[in-house]
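Reader: Could you walk me through this model, a few questions at a time?
Author: Gladly; here it is.

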Amino acid sequence: MNRKVLLLILSGLLIFNLVGCNTNKAEQGVVEQEQVNEGNILDKDFEELLEAARGTTVTFYGWGGSQQTNSWIDGYLSENVKKDYDITVKRVGMNIDEILNSLLNEKQLNVENGNIDVVWINGENFFTAKKNNLLFGPFTDKLPNFNQYIDKDSPDVKYDFGYPVEGYEAPYGKAQMVMVYDSEKIDKTPVDHKELLEWAKKNPGKFTYPALPDFTGSAFVRNIICDIVGYEQFMNMEADEETVRKAIEPAIEYLKELKPYLWKEGKTYPGDAPLLDNMYADGEVWMTMTYNPNAASGKIATGEYKDSTRTFVFDKGTIGNTHFLAIPFNAPNKPGAMALINYILNVESQATKYEPATWGDLPVLDNDKLSQEEKVRFESIELGIATLPQDILLEHRIPEMPADLVPIIEKVWIEEIPGEGE
């Protein structure tokens with residue numbers, strides 16, 4: 001059992017009091033249990049599911065740390081799903097670890113009706129959820145928009161951090177790591193890890209990255225690993241600590257060499273990506289990083305970043321992945337959950353989500369499956385001066401490592417890299 005799963009199970013045993021009685025479901029607009037029997041649902045076609053979902057409420061759980069993301073869900077999505085499907089969306093911002101804790105606890109207690117209908121998830125968290133039978137499915141083949149617009153054979157759809165999806169989650173949006181920099185301060189951007197080290201030596205204190213296990217900091221470290229030793233060997237690697245430790249040793253040695261030239265000489269690291277973004281905005285460092293290639297343009301538009309902000313990727317590429325939407329095993333409104341996910345996969349939803357001023361999330365629709373009019377809808381979107389063209393990103397996109405390797409890499413970093421007292 002991997003370390004994170006064990007911690008989640010142990011935590012779940014301590015929070016029995018968090019499981020409430022799901023009474024008065026009719027007032028909440030939740031479908032009655034006899035309507036949501038899994039066998040019945042998977043036998044129904046989408047029109048029957050949509051009819052069962054009308055007039056109900058769907059609870060949408062996930063990370064709530066971005067005002068842009070929250071505004072898109074509370075605004076465009078909620079308003080249009082209500083108008084077109086007569087479904088009310090209730091967004092609940094919650095850390096994914098808390099969500100998994102709750103679901104693990106409910107699984108152990110055989111709670112048939114939970115509180116979560118849709119959960120925003122990916123990576124090692126999906127690995128944990130699927131491995132522990134916390135998800136409902138397979139359901140994606142019931143969604144018309146999934147069947148019409150998604151390339152089911154794409155590795156970005158079939159696998160989540162190297163782990164088979166098998167219809168237990170639907171793509172929500174795409175991400176790819178980019179480095180953000182101030183073009184007034186930096187004339188030439190590093191093309192690889194060697195040039196990044198050379199730049200850091202010439203500009204001590206002007207670069208750093210978030211401390212692991214921060215999501216973005218972890219992604220940066222994995223990018224460095226891939227740039228130094230490649231990614232291919234990790235795709236089918238056993239999740240054995242000794243094996244992983246040996247494979248990433250050259251990258252760990254590199255990070256140790258880089259450390260003295262970081263902000264505060266690497267004696268401390270920003271706790272998370274938003275803090276690093278603020279440091280960049282204040283000019284304390286000259287680079288930051290993000291999994292959203294459109295985020296920098298969005299922050300220029302809002303005045304958070306200087307107009308001289310731009311983005312770049314390494315020549316060998318940067319990690320790209322897909323984030324997904326899943327339905328818990330005990331979701332009280334599974335028809336409503338499927339209807340909501342289907343709506344998110346329509347052209348207009350993906351297009352508005354793609355607009356940098358709205359969110360800037362990369363769309364998941366297959367361009368070859370779009371009509372000419374639908375292609376124009378995406379092509380007409382102004383991406384902003386800091387955003388790299390899609391063809392450049394795609395040419396420099398490399399896959400994520402398998403989910404069960406990520407906690408091991410983070411453990412090794414935590415043991416080997418942080419400064420004294422950390």
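Author: Helices (H or I, at least four residues) and strands (E, at least two) are DSSP runs, numbered from the N terminus. This is a predicted model, where local features need pLDDT of at least 70, side-chain atom pairs count only at pLDDT 80 or more, and totals for chains, interfaces and linings use all residues. Residues are numbered from 1 along each chain as its sequence is written, and side-chain values use heavy atoms, with hydrogens and water left out.

Reader: Is Asn367 buried, partly exposed or exposed?
Author: Buried means under 20% relative accessible area, exposed over 50%, and partly exposed in between (1.4 Å probe, protein chains only). Asn367 has 43% relative accessibility, so this residue counts as partly exposed.

Reader: Which residues of helix H9 are buried?
Author: Helix H9 spans residues 193-202. Its buried residues are His193, Leu196, Leu197, Trp199 and Ala200.

Reader: Why do the buried residues of H9 line one face of the helix?
Author: An α-helix has 3.6 residues a turn, so residues three or four places apart point the same way. The arc used here is that of the directions from the helix axis to the C-beta atoms. Seen down the axis of H9, the buried residues line one face because they fall within an arc of 165°.

Reader: Which residues are exposed on the other side of H9?
Author: The other side of H9 has two lysines that are exposed. They are Lys194 and Lys202.

Reader: What covers the buried residues of H9?
Author: Contact here means heavy atoms within 4.5 Å. The cover includes helix H10 (215-229), helix H11 (241-258) and strand S8 (287-290).

Reader: How many aromatic pairs does a search of the whole structure find?
Author: Rings of Phe, Tyr and Trp (its six-membered ring) pair if their centres lie within 6.5 Å; planes under 30 degrees apart count as stacked, over 60 as edge-to-face and the rest as tilted. Searching the whole structure gives 22.

Reader: How many residues apart in sequence are the parts that the pair of Tyr181 and Phe312 ties together?
Author: Tyr181 and Phe312 form an edge-to-face pair, 5.6 Å centre to centre with 70° between the planes. Both residues are buried. Tyr181 lies in strand S7 (residues 178-182) and Phe312 in strand S9 (residues 309-312), so the parts tied together are apart in sequence by 131 residues.
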